[in-house]
Amino acid sequence: MFLPCTLYIVLYTATLAKTAPIPLEMVDMSYVFDNTTLHWPTQRKFELFVLENGTQEEGYWLQIEEYFSGVHVGTHMDAPCHFAKGRWSVDQIPISHLIAPAAVVDITKKAEEDRDALVQVEDFENWEIVTGQSLDGTIVLIRSGWGKRWNDREAFTGTTGNDTTKLHFPGISEEAAQWLVDNRNVYGVGSETLSLDNGPSQELMAHRIILDKNVFGLENVANVDMLPIYGATLYVLPMKIGNGSGAPARIIATFPKILHGKDGKSVTERTLREIIIFNK
Ligand SMILES: *[C@@H]1O[C@H](CO)[C@@H](O)[C@H](O)[C@H]1NC(C)=O
Ligand SMILES: *[C@@H]1O[C@H](CO)[C@@H](O)[C@H](O)[C@H]1NC(C)=O
Ligand SMILES: *[C@@H]1O[C@H](CO)[C@@H](O)[C@H](O)[C@H]1NC(C)=O
Ligand SMILES: *[C@@H]1O[C@H](CO)[C@@H](O)[C@H](O)[C@H]1NC(C)=O
């Protein structure tokens, strides 16, 4: 049957208009900022000082605080200029890079066996094989299961002290970082841990390689275990600090509720196959 092109368009839009919007699941991927928030040991902790919090003489309520903090504290962005001269600062990153699909690369199993485990090239390649998607145009999130340790400084960082040679947590290998920037165009790379590099790293090669390509980093990202490995959209909203090498960030993920399924199973319980079929 041959219908004029305009008729196809009319039929198509009529079909769209009848489609109910897909309800979205929303995940808050930022931790609260307070004076217990974890951070790289040499950064100044977050502190809130209350200036006013009560009824004023004039009869109205007033609450005002001031805060002091390193910029690399809690859930935050590493701007490319943090480790690469002349690259974008937080305020210079195009907003088109801040809203993008999340590619969740799971290394939970090897991180359980080795707390200094490294993401390897094959972890990125496996994500593409399993999802049938390219990492191009995504924000890569490394899922290590580390978020479960957030409330315990020693479990999360490897030490309760400030000695950065005693840190232990998973990260990205130099080879994997190099492969990613050489072969794919990603907007950002995020981790559940304190750093893109693993704890023992002194050279910080993952930071140096990734940020040099104007790709931003995200650290101490919360609730990564609540995302499907493919199908979520990330909204990365760092404070717009002029010339800043980093900033606290509110990160939100959304994905179609249907990924949870009518059976009420969570995304982590669902098989990858079900998720992929939905996304086709
Ligand atoms: C942390 O903040 C709480 C109030 O939120 C305060 O009671 C406590 O004294 C603070 N601790 C430090 C070490 O500043
Ligand atoms: C201000 O006072 C209110 C009411 O007493 C309290 O709930 C709130 O936590 C206080 N805010 C701060 C920052 O201390
Ligand atoms: C770590 O550094 C902070 C801030 O400089 C300091 O308050 C704290 O006591 C230090 N902790 C240890 C265990 O030395
Ligand atoms: C960034 O720093 C330069 C000087 O190095 C200054 O001229 C410029 O105004 C600063 N930009 C912002 C947004 O603060």
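**View 1. Trp127 (W127) sits in helix α3, residues 121-131.** This is a predicted model, in which local features need pLDDT of at least 70, side-chain atom pairs count only at pLDDT 80 or more, and totals for chains, interfaces and linings use all residues. Residues are numbered from 1 along each chain as its sequence is written, while chains are lettered from A and ligands numbered from 1 in the order in which they are written. Helices (DSSP runs of H or I, at least four residues) and strands (runs of E, at least two) are numbered from the N terminus. Is W127 buried or exposed? W127 counts as buried because it has 20 C-beta neighbours inside 10 Å. The cut-offs are these: buried means 20 or more other C-beta atoms within 10 Å of the residue's own, exposed means 12 or fewer, and partly exposed lies in between, with C-beta atoms placed from the backbone.

**View 2. W127 has partners elsewhere in the sequence.** Leaving out residues up to four places away in sequence, W127 touches A103, V105, L135 and I229. Such a contact needs C-beta atoms, placed from the backbone, within 7 Å of each other. W127 and D106 are 21 residues apart in sequence, yet their C-alpha atoms are 8.3 Å apart in space.

**View 3. The largest nonpolar core holds 58 residues.** The residues with the most contacts inside this core are A102, A103, V105, V140 and L141. β12 gives the most to the core, with 5 residues. A nonpolar core is a set of buried Ala, Val, Leu, Ile, Met, Phe, Trp, Tyr and Cys residues joined through C-beta atoms within 7 Å. Take L141: beyond its neighbours within four places in sequence, L141 is in contact with A102, A103, V104, G190, V221 and V224.

**View 4. N220 lies in the loop between β10 (216-219) and β11 (233-238).** Most residues other than glycine have a negative phi. N220 is not a glycine, but its phi is positive, about 55 degrees. N220 is buried, with 29 other C-beta atoms within 10 Å.

**View 5. N243 lies in the loop between β11 and β12 (246-256).** N243 also is not a glycine and has a positive phi, about 65 degrees. How many C-beta neighbours does N243 have inside 10 Å? There are 10, so N243 counts as exposed.

View 6. Of its 280 residues, 36% count as buried. Among contacts between residues at least 6 apart in sequence, 74% join residues at least 24 apart.

Key. Two residues are in contact if their C-beta atoms, placed from the backbone, lie within 7 Å.
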